[in-house]
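Student: I am new to this structure. Could we look at it together?

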Amino acid sequence: MRRLVCAAYLLAISACGTPTIEDEEDLGRRAVAEVRQNALVLFDDVVESYIDEIGQTLVHGAGPQPYEYTFTVLQDDTLNAQAVFGGNIFLNTGMILRVRNVSELAGVIGHEIGHVVHRHMADNYRRAQEAGLLRKAAVIGSVIGGVNPGAVDLLTSYGALGLLNTFTREAETEADAFAVDLLPRAGYDPNGIATMFETLTAVDNSRTPAFFSSHPASEDRTRTTKALIAAKTLPADLKREDNGKLEIIQHRVRLLTRQADSPRR
């Protein structure tokens, strides 16, 4: 997916400096169109509607936004989600299958919305451009991808999007705090954010889940999130489960992707 998304927008960014909100909207539309045409997208109205309903509920809870958010499900069994420019968020089927309740799923999506709202991708681009790192990342990515480095441009880089999607500890803390504030406003239990971190950490001690590769995590980060939640006075009726809807969606995803049941912790 990273190669496709880069093909959609990285060269355009290189010509315009730090993206404006209008630039982000345009580049985000290109990215989604490219991915939907070429990547392994899960085109299923039932799953798409379920994820979009959660996402739009969270967006509404976040207040007025300059972007029109889209939520795209990718057929990928890695535990990952990522935001790109202009309110476009990608969620892997592997992540959908791993979550234990709807509050965990809302926590993942809310965290990505936090990156969008705080324009962390644009900040990463500005820093990388100033340091001259994007061209280097493009060349490295071309070698990994088997492209002649002499002919490479930012359109064909694996490395450049990886650079833009690797957030600082400060950005991660900001996105976590945003999600902790957002979920109760949207009717979801924010404890799902902390339990999702614990779930991801426990998935496989032999490797780092993909979500943590681009969203650095630590015990300190989990403790900080729990402390933020503990400091809030939460209503008693916040949603943690959704009357079996998530389980139905997970079963449908497994049927559509032929993935075996994942153990629930």
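Here are a few questions and answers about this predicted model.

Student: How many contacts does the model have for residues 133-162, beyond four places in sequence?
Tutor: Treat this stretch with care, as its pLDDT stays under 50. Where pLDDT is low, the predicted coordinates should not be read in detail. With that in mind, the number of such contacts in the model is 53.

Student: How many helices and strands does the protein chain have, and what share of its residues is buried?
Tutor: The secondary structure consists of 13 helices and three strands. Of the 265 residues in the chain, the buried share is 50%.

Student: Why are the buried residues of α12 on the same side of the helix?
Tutor: Good one! The buried residues here are Arg-221, Thr-222, Thr-225 and Ile-229. They lie on the same side of α12 because the arc they cover around the axis is only 100°.

Student: Which exposed residues does α12 carry on the face turned away from its buried side?
Tutor: Helix α12 spans residues 219-230, twelve residues in total. On the face turned away from the buried side, the exposed residues are Glu-219 and Ala-230.

Notes: Residues are numbered from 1 along each chain as its sequence is written. This is a predicted model: local features need pLDDT of at least 70, side-chain atom pairs count only at pLDDT 80 or more; totals for chains, interfaces and linings use all residues. Side-chain values use heavy atoms; hydrogens and water are left out. pLDDT is the predictor's confidence in each residue, from 0 to 100. Contact means heavy atoms within 4.5 Å. Helices (H or I, at least four residues) and strands (E, at least two) are DSSP runs, numbered from the N terminus. Buried means under 20% relative accessible area, exposed over 50%, partly exposed in between (1.4 Å probe, protein chains only). The expected span of a helix is 1.5 Å times one less than its number of residues. The arc is that of the directions from the helix axis to the C-beta atoms.
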